2 protein chains.
Amino acid sequence: MFDSPMSGSIRIPKTAEVLAGRVRKAIIRGELKAGDKLPSEAQLITDFEVSRPTIREAIRILESEGMISVSRGARGGAKVNALTNDMVTKAAGVALQSRGATLKDIYIARSVIEPPAARLAAENRPAEAAAALRKQLEIERTIGGQHALAAAIAEFHRVLLDECGNIALGVVGKALQDVVELHMQLSLRANARTLDTSDRRTRFGLRSQEKLIELIEAGDAAGAEAHWVAHMEAAGKVWLEGVESTSIIDVLD
Amino acid sequence: MFDSPMSGSIRIPKTAEVLAGRVRKAIIRGELKAGDKLPSEAQLITDFEVSRPTIREAIRILESEGMISVSRGARGGAKVNALTNDMVTKAAGVALQSRGATLKDIYIARSVIEPPAARLAAENRPAEAAAALRKQLEIERTIGGQHALAAAIAEFHRVLLDECGNIALGVVGKALQDVVELHMQLSLRANARTLDTSDRRTRFGLRSQEKLIELIEAGDAAGAEAHWVAHMEAAGKVWLEGVESTSIIDVLD
DNA sequence: GATTAGAATAGGTTAGACCATTAGGGGGCG
DNA sequence: CGCCCCCTAATGGTCTAACCTATTCTAATC
């Protein structure tokens, strides 16, 4: 039983998918920039010579991918979104939840990714990275409120991943960070608990961040990595006992 | 300037999105398993009391997320797909390409993630991991053809990430691996080049994998990690000069 | 019994209508 | 004169009713 040269299941492309694909390609290639407006549905109908439901299916596809958002009313329509990590976060959230990943799992993965990010930052762009991190640290110091502080600290981690100079590491690291944050938001909304971030521990954390910045600024790659390993371990001990570390991640509404 | 309790732009949910959300939730929660068939469009119309275009928009959303696939004709309809990493791969591919990530970027990120995966495998489940890896190594040894061998080696890396016992690390590591593989497939199809994997280097790689398995089996976590760091570095030197290491990742069509 | 033509099923696409929401302009009132 | 409200136009959201097309099953025919 040989496959004939013509074998292989052929996939008949649907009009809506083709349409969505064209727009997606234009967005990824940068031909359509964030903020640009797509033509109105009526215009698209005449441009592409397809019916309205077909157009709308294409729009739903792109919307579900987070590439456009649609608003109603006069001057409404589909606008191109800035390409964010949202899609990666959503996809990772689904994959992690369906496999039963726990907060501890994700924290361990982050502990694997972030210290090398600190090393790369110190190696490749110490000055810029230190400046960006210091700016975020200032925000943390002046901010009020437990939730706002927690968000600012999360942002510090994101800045570190951004400034490491490796796009791939940044994308996956931030996706994990975002999944955790999403889970926390939903879990807090459900349980209305309060975060018990003691002041003493917070100050210790900020001092540790300050030290990281100094090591990066000095170009001490090995030192920055080692310090951040220690930081993540220490912070993880505190944080994971605060949350139910074994609870399965939940990113559903 | 305080936000009033009523501030914040409200999001009017669209019927199709609500519908898609319900099905998505059921799939993620495991209430709908892979292979299950959704009711026919006609049935959904009567079940949910919405019109066909709306149903179809919901179906397009879920299809674009890779959660279902639809076939035409008698006995056709929407079937639930197995939850794979495809969504994460696609999303990561888009994010990486739009940010101009290079193959080298991604390789570096993989070099960050895989050695700790080897360490975790040796720490947490040496016997199972060694068995699974050895099985894959056998496949590599008996396989013929350059492309098939390259695919088998890629699979070895995936098995390692699966067997490390950390779901989050596995998900993001495999996503990066998959993005690279997707790019290579498209690039090969476009250029019809041939892979020049010399036999000598291939055999060296397989011996290195064998050594990793032995270290993991012995529970030598530090040794496994260190060995895999060296392996990734050595393999990277060869591989990155074979491909255009600075070429920007491309995952379009 | 194998082949093939038709019937049944179910998704793919189109057309047209009407409803709901929003921005902006014009008229009335202070 | 200026402010507010309502009206209107633009645009997406939803529905109904068809017809087309692909796929499978069945039954008639050779």
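Tutor: Let us begin with a term: a residue is called buried if 20 or more other C-beta atoms lie within 10 Å of its own, exposed if 12 or fewer do, and partly exposed in between, with the C-beta atoms placed from the backbone. This is a predicted model, in which local features need pLDDT of at least 70 and side-chain atom pairs count only at pLDDT 80 or more, while totals for chains, interfaces and linings use all residues. Residues are numbered from 1 along each chain as its sequence is written, and chains are lettered from A and ligands numbered from 1 in the order in which they are written.

The part to look at is helix α6 of chain B, residues 126-142. Helices (H or I, at least four residues) and strands (E, at least two) are DSSP runs, numbered from the N terminus. The expected span of a helix is 1.5 Å times one less than its number of residues. An α-helix has 3.6 residues a turn, so residues three or four places apart point the same way.

Still in chain B, B:Asn81 is found in the loop between β2 and α4 (86-98). B:Asn81 is partly exposed, because 17 other C-beta atoms lie within 10 Å. Although 47 residues separate B:Asn81 from B:Ala34 in sequence, their C-alpha atoms are 4.9 Å apart in space. Leaving aside residues up to four places away in sequence, B:Asn81 touches B:Ala34, B:Gly66, B:Met67, B:Ile68 and B:Ser69, where two residues are in contact if their C-beta atoms, placed from the backbone, lie within 7 Å. Another loop of chain B, between α2 and α3, holds B:Glu49. The phi of B:Glu49 is near 55°, a positive value in a residue other than glycine, and B:Glu49 is exposed because it has 7 other C-beta atoms within 10 Å.

From here we can turn to the partner chain. The contact between the chains takes 39 residues from chain A and 39 residues from chain B. On the side of chain A that touches chain B, α4(A) gives the most, with nine residues. By class, that side has 27 nonpolar, five polar and seven charged residues; Ala, Val, Leu, Ile, Met, Phe, Trp, Tyr, Cys and Pro count as nonpolar, Asp, Glu, Lys and Arg as charged, and the others, Gly among them, as polar. Chain A itself has ten helices and two strands, and of its 253 residues 38% count as buried.

The surface near DNA strand D receives the most from α3(B), with three residues, and its residues divide into eight nonpolar, nine polar and eight charged. Around DNA strand C there are 24 residues, with A:Thr15, A:Gly73, A:Ala74, B:Glu41 and B:Gly77 coming nearest. Here α3(A) gives the most to the surface, with three residues, and the classes are eight nonpolar, eight polar and eight charged.

Methods:
A residue is near a molecule or strand if its C-beta atom, placed from the backbone, lies within 6 Å of it.
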